[in-house]
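Here is a short report on one protein chain. Please keep the sequence and the 3D view open while reading.

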Amino acid sequence: MQASSELLVSPLELDPAVWFDASDLDGDFENDSSPAGTLSSWVDKSGNSRTATVSKGTPELNVSGGPNGGRVIEFRSGFADASTGDEELAISGTFFIKDHFYVLRSPHSTWSDYGGIIGHDGSGSGEDRNSNFIFERSNTYFHGNQYPDAVWKNGLSIASSNFDLGTINEYMILRIVVNDNDTSAKSTWSIGNVSADWSMDMDLAEAVCFSTELSEDEAGQIEGYLAHKWNLNSKLPVEHLYQDLSSRSIDTLPLRDLTIGGNDPSSKFSGTIDEVRIYERSLSSSEIATLYLDGTIRFQTSDSAQPPKIGRAHV
């Protein structure tokens with residue numbers, strides 16, 4: 001029996017710390033249609049209300065420059081010669097990020113300067129590099145002041161000691177797990193800036209970040225979600241569990257064949273079956289309600305005068 005993309009977990013189910021999506025800048029879970037232009041803010045989809053607001057420069061929305069012609073935010077902070085200024089967004093709230101997932105590329109064959117993607121700021125002393133990461137200027141690997149604990153590119157673990165990413169001017173799915181040198185919650189997080197204003201050029205399509213390290217299967221599902229959403233699944237290795245959803249099957253074992261319309265030859269269902277869906281995970285009550293309502297919105301009202309309560313979920 002063939003699996004469907006609905007087997008993939010929604011990032012919301014894994015409780016992300018922040019979630020920024022270039023195809024949904026207002027965070028309403030609908031694809032945007034706004035024109036290209038200078039960005040002012042980027043709404044967090046995690047449910048934590050950690051909106052990012054432009055604090056420096058003029059990052060731009062490109063409506064067709066992302067993976068496979070999708071939307072992307074372009075940061076052009078320039079090179080080491082400071083030919084252009086930094087471009088960054090300050091993220092509201094106090095929190096910690098351990099596990100980072102990104103869809104991005106460099107517009108150049110090497111990183112334009114020292115910089116990160118999402119990171120916390122500081123005075124520039126060594127302490128603010130704790131549980132942070134910085135890429136090396138004019139190279140494709142990480143800066144050696146403090147390395148992450150682990151890095152994966154397109155679902156493959158990077159084995160080199162400096163986590164060299166190789167080709168970086170093509171869109172990739174990048175996972176970075178930082179070290180545990182300082183896991184305290186911080187209020188200085190930014191997109192496009194890290195550790196005392198180090199910034200670099202990048203094109204960022206999506207960022208989903210978590211306060212704790214995900215399990216291997218959870219991380220695979222996030223990689224699969226990002227790959228299939230941005231049509232980058234061909235970049236995942238063929239052995240990746242979520243690389244080709246069409247080839248996935250449900251093993252029912254020889255004595256437990258799956259049947260629809262009855263549970264044995266003598267017991268048959270009498271009636272009409274309109275639609276069948278089988279999930280590899282338990283659905284929440286709100287997801288079940290959304291399926292029952294076929295994606296519509298349910299209004300809950302009261303006998304007493306008060307605004308209606310609207311509930312909406314995404315499956």
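## Strand β14 and its partners

Strand β6 (residues 72-75) pairs with β14 through three bridges, in the antiparallel sense. The model is predicted. In this pairing, Phe-75 has Met-202 of β14 as its bridge partner. Strand β8 (residues 99-105) also pairs with β14 in the antiparallel sense, over seven bridges.

β14 itself covers residues 202-210. How many of its residues are buried? Nine of the nine are buried, so β14 is largely enclosed by the rest of the structure.

## Strand β1

β1 runs antiparallel to β14, and four bridges join the two strands. Val-18 has Cys-209 as its bridge partner in β14. Asp-21 has Glu-206 as its bridge partner in β14.

In a regular strand, side chains alternate between the two faces of the sheet. β1 (residues 18-21) shows two directions: Val-18 and Phe-20 point one way, Trp-19 and Asp-21 the other way. All four of these residues are buried.

## The five-stranded open sheet

Which strands form the open sheet, and in what order? The order is β3-β4-β7-β13-β9, with antiparallel pairing. β3 (41-42) and β9 (118-120) stand at the edges. Each has a single partner strand, so one side of each is left without a neighbour in the sheet.

Strands of a sheet pair through backbone hydrogen bonds, either parallel or antiparallel. Gly-119 has Ser-190 of β13 as its bridge partner.

## Two positive phi angles

Asp-15 is not a glycine, yet it has a positive phi of about 60 degrees. The residue lies in the segment before β1. Is Asp-15 buried or exposed? Asp-15 is exposed, with a relative accessible area of 56%.

Ser-138 also has a positive phi of about 60 degrees and is not a glycine. Where is Ser-138 found? Ser-138 sits in the loop between β9 and β10 (150-153). Ser-138 is partly exposed, at a relative accessible area of 46%.

## The cavity

Rolling a probe the size of a water molecule over the atoms shows where empty space is left. The structure holds one cavity of 30 Å³ or more. The volume of the largest cavity is about 40 Å³.

Which residues line the largest cavity? The lining consists of Arg-129, Asn-132, Phe-133, Ile-134, His-143, Asn-145 and Gln-146. By class, the lining divides into two nonpolar, four polar and one charged residue.

## The chain as a whole

The protein chain has two helices and 18 strands. Of its 315 residues, 45% count as buried. The chain exposes about 15400 Å², and carbon and sulfur atoms supply 48% of that area.

Now the contacts with a separation of 6 or more: residues 24 or more positions apart account for 69% of them.

Conventions. Residues are numbered from 1 along each chain as its sequence is written. This is a predicted model: local features need pLDDT of at least 70, side-chain atom pairs count only at pLDDT 80 or more; totals for chains, interfaces and linings use all residues. Side-chain values use heavy atoms; hydrogens and water are left out. Two strands pair if DSSP finds at least two bridges between them. On a 1 Å grid over the protein atoms alone, a cavity is a set of points where a 1.4 Å probe fits but cannot get out, and a pocket is an open set with protein on both sides within 12 Å along at least five of seven lines; lining residues have an atom within 4 Å of a point. Grid points are joined across faces, edges and corners, and a volume is the space filled by probe spheres set on the points. Ala, Val, Leu, Ile, Met, Phe, Trp, Tyr, Cys and Pro count as nonpolar, Asp, Glu, Lys and Arg as charged, and the others, Gly among them, as polar. Buried means under 20% relative accessible area, exposed over 50%, partly exposed in between (1.4 Å probe, protein chains only). Contact means heavy atoms within 4.5 Å. Accessible areas come from the Shrake-Rupley method with a 1.4 Å probe; for residues, only the protein chains shown count as cover.
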